[in-house]
Amino acid sequence: ELWWRLLTPYRFKECPDHIIVKGAERTQPSRMGIFGKMAVSVDARPVYKNDFDQFLWYSRDEGNWLIGPDYARKERAVQSTSGVAPTSCPDEASGWASIGDDSGGSGEEEGG
């Protein structure tokens, strides 16, 4: 029975179809709101998109969930900071931090 488990690929849990992101409306308004799951995945996890064409995705290199305008180039303005253990879905991430703001500033804002 153990050999069969070794041959079965690991499956991440099913992530929600929608994620609500809030807390940085003052500095990151376009990166807040409702993100819907797309038919695209990066690093074996779903990519989400909101009404402002901002994306929410997981980066294995960063070890965090990221929010920004281009998931292919890993451009981000908000990221989770929980990076100790990889999370399957963005609703499991914690310690979100804002990097800059929508107007191009560079202040950081912590959120949870």
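**View 1. Contacts across the whole chain.** Residues 24 or more positions apart account for 29% of the contacts in the chain with a separation of 6 or more, a contact being heavy atoms within 4.5 Å. Keep in mind that this is a predicted model, where local features need pLDDT of at least 70, side-chain atom pairs count only at pLDDT 80 or more, and totals for chains, interfaces and linings use all residues. Numbering starts from 1 along each chain as its sequence is written, and side-chain values use heavy atoms, with hydrogens and water left out.

View 2. Reading from the N terminus, you go α-β-β-β-β-β-β-β-β. Helices (H or I, at least four residues) and strands (E, at least two) are DSSP runs, numbered from the N terminus.

View 3. Of the 112 residues in the chain, 38% are buried. Buried means under 20% relative accessible area, exposed means over 50%, and partly exposed is in between (1.4 Å probe, protein chains only). The chain exposes about 7000 Å², with 52% of that coming from carbon and sulfur atoms. These areas come from the Shrake-Rupley method with a 1.4 Å probe; for residues, only the protein chains shown count as cover.

**View 4. The disulfide of Cys15 and Cys89.** The count comes to 1 disulfide, taken as a pair of cysteine sulfur atoms within 2.5 Å. Cys15 is joined to Cys89, S to S 1.9 Å. Cys15 sits in the loop between helix H1 (2-7) and strand E1 (18-21) and Cys89 in the loop between E6 and E7, so the pair ties together parts that are 74 residues apart in sequence. The link is left-handed, with -90° about the S-S bond. Both Cys15 and Cys89 are buried.

**View 5. Ser80, in the loop between E6 and E7.** Ser80 is buried, at a relative accessible area of 1%. Skip the residues up to four places away in sequence, and Ser80 still touches Asn64, Trp65, Ala93, Ser94, Gly95 and Trp96.

**View 6. Pro86, in the loop between strand E6 (78-79) and strand E7 (97-99).** Pro86 counts as exposed because its relative accessibility is 58%. Leaving out neighbours within four places in sequence, Pro86 is in contact with Arg45 and Tyr58. Look for Arg60 as well: its C-alpha atom is 8.0 Å from that of Pro86, and the two residues are 26 apart along the chain.
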